[in-house]
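Biologist: I'm new to reading models like this one. Could you walk me through it, feature by feature?

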There are 2 protein chains.
Amino acid sequence: MREAYHEELDSIGEGLVEMANLVGSAMGRATSALLDTDLQLAESVISAHAKADDLQRDLEDRAIAVLARQQPVATDLRVVVTSLRMSADLERCAVLAQHVAKLARLRYPGQAVPQDMRRTILEMSQLAQRLMAQAADVLITHDLDAALQMEQDDDRIDELHRSIFQHLMDDRWHHGVETAVDVTLLGRYYERFADHAVSVARRVVFLVTGEHADELATDPPTAHTETT
Amino acid sequence: MREAYHEELDSIGEGLVEMANLVGSAMGRATSALLDTDLQLAESVISAHAKADDLQRDLEDRAIAVLARQQPVATDLRVVVTSLRMSADLERCAVLAQHVAKLARLRYPGQAVPQDMRRTILEMSQLAQRLMAQAADVLITHDLDAALQMEQDDDRIDELHRSIFQHLMDDRWHHGVETAVDVTLLGRYYERFADHAVSVARRVVFLVTGEHADELATDPPTAHTETT
């Protein structure tokens with residue numbers, strides 16, 4: 001009984017890692033579609049979203065089955081409940097990757113991202129993917145130092161996000177309103193994606209230590225991500 | 001035992017309703033602060049956010065306590081698990097109301113919303129609050145018709161959200177980039193708030209009928225909320 005139970009718990013953990021890999025990759029591909037104006041790639045990210053949805057529902061069903069059959073208490077119970085929260089975080093990331101891909105499609109064959117913003121968008125995307133890969137590692141290793149290191153990458157994302165607004169508000173902005181709107185939303189998509197990755201890692205920290213690593217609610221600053 | 005159990009479940013339900021009322025009211029006050037350039041009101045919404053956070057953590061702890069002590073199965077188990085998801089939806093709404101209030105503060109004593117966008121923002125805010133009030137009702141009454149009616153208000157929010165983009169992309173837009181960025185993010189905040197309210201009601205429908213009312217993932221359209 002105990003044996004089967006831990007197998008089920010492990011398989012939920014593996015499902016979360018699979019989902020983290022999936023959404024990290026989706027965000028990378030969506031960004032390529034965006035920066036390379038690749039319509040086919042954009043469409044493939046958009047249609048692949050169903051898979052993340054299925055994975056999430058499957059994880060939720062399995063978590064509920066474990067609760068019903070094994071009736072875990074104490075830490076084990078927290079693990080299962082937390083896995084539900086994490087799968088919701090990851091599903092949200094799949095939606096955000098889809099939003100990026102849809103923007104690539106909307107502007108095709110044009111470019112949503114002007115030349116002087118490409119580097120910023122690319123770096124945000126890379127950091128977001130890296131955070132998600134780190135979150136997957138933390139899910140596997142429970143390495144608290146790795147979780148703490150993520151805060152730095154997250155700070156860098158926030159800095160880039162602020163720099164987008166500074167650039168937009170600059171009198172020298174000459175790309176027009178449509179591009180300003182596109183870039184505003186893109187910045188928000190990457191930043192939210194990164195927040196969810198950090199949130200997954202923080203939940204692991206909480207499970208391991210019983211202490212909230214900082215606060216769990218990652219979003220707060222904004223309007224527009226208040227300068228530090 | 002059964003008795004105590006249902007009391008605990010009821011009290012979680014009451015907590016969710018309390019939270020729905022709190023965030024609905026926060027969004028209303030944030031919008032007043034925004035449209036009336038009322039700094040004090042904005043500050044009060046920003047600092048009241050801690051209360052929603054506490055409520056959510058308290059609800060989560062109570063849900064976990066019920067799982068541990070009562071070990072519910074079948075429908076009862078789904079109710080508790082779903083309440084965890086709903087409290088996360090509502091906590092997110094508190095953050096979104098806070099974002100609106102922070103924008104009011106950022107632009108103070110200026111106006112973030114230009115005259116010709118006030119009606120749209122006001123209507124989005126009113127619909128968002130109405131949806132949240134309806135979600136609270138559905139939590140209490142389990143009235144499926146009321147839940148279905150919410151889809152109409154949600155469609156109207158989406159329509160208004162699209163109209164914001166149309167207005168922004170219009171050649172006659174003359175409010176500059178800063179205001180375009182502000183209005184873009186505001187539109188997204190209201191739309192996400194409404195999505196979470198609808199999501200709460202859909203989760204109730206799922207609990208009552210066992211069938212997903214449409215899909216639970218409410219966000220998908222965008223880039224920029226694809227025309228119908």
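Modeller: Happy to. Let's begin with the secondary structure: chain A has 6 helices and 0 strands. Keep in mind that this is a predicted model.

Biologist: What pattern does chain A follow along the sequence?

Modeller: Going along the sequence, chain A reads α-α-α-α-α-α.

Biologist: What box do the C-alpha atoms of chain A fill?

Modeller: Along the principal axes, that box is roughly 65 × 40 × 25 Å. As for the inside, 47% of the 228 residues of chain A count as buried. Contacts tell you about the fold too: among those between residues at least 6 apart in sequence, 80% join residues at least 24 apart.

Biologist: Which residues other than glycine have a positive phi?

Modeller: Thr37(A) is one of them, with phi near 40 degrees. You'll find Thr37(A) in the loop between helix 1 (2-35) and helix 2 (39-70) of chain A. It is partly exposed, with 17 other C-beta atoms within 10 Å. His142(A) is another case, at about 55 degrees, and it sits in the loop between helix 4 and helix 5 (144-169) of chain A. With 14 C-beta neighbours inside 10 Å, His142(A) is partly exposed as well.

Biologist: Where should I look for a cis peptide bond?

Modeller: Check omega. Between Tyr108(A) and Pro109(A) omega is about 0 degrees, and the bond is cis. Pro109(A) belongs to the loop between helix 3 (74-107) and helix 4 (115-141) of chain A. In chain B, a cis peptide bond joins Tyr108(B) and Pro109(B), with omega about 5 degrees.

Biologist: How do I read the relation between chain A and chain B?

Modeller: A rotation of 180 degrees, with 0.0 Å of shift along its axis, puts chain A on chain B at an RMSD of 0.0 Å. That's the relation of a two-fold axis. The same surface serves both copies, since 100% of the contact residues of chain A recur in chain B.

Biologist: How many residues does the contact take from each chain?

Modeller: It takes 36 residues from chain A and 36 residues from chain B. On the side of chain A that touches chain B, the elements giving two or more residues are helix 2, helix 3, helix 5 and helix 6 (176-209). Helix 3 of chain A gives the most, with 14 residues.

Biologist: What classes of residue make up that side of chain A?

Modeller: The side of chain A that touches chain B has 22 nonpolar, 5 polar and 9 charged residues.

Terms used:
Residues are numbered from 1 along each chain as its sequence is written. Chains are lettered from A and ligands numbered from 1 in the order in which they are written. This is a predicted model: local features need pLDDT of at least 70, side-chain atom pairs count only at pLDDT 80 or more; totals for chains, interfaces and linings use all residues. Copies are superposed by least squares on the C-alpha atoms of residues with pLDDT of at least 70 in both. Two residues are in contact if their C-beta atoms, placed from the backbone, lie within 7 Å. Helices (H or I, at least four residues) and strands (E, at least two) are DSSP runs, numbered from the N terminus. A residue is buried if 20 or more other C-beta atoms lie within 10 Å of its own, exposed if 12 or fewer, and partly exposed in between; C-beta atoms are placed from the backbone. Ala, Val, Leu, Ile, Met, Phe, Trp, Tyr, Cys and Pro count as nonpolar, Asp, Glu, Lys and Arg as charged, and the others, Gly among them, as polar.
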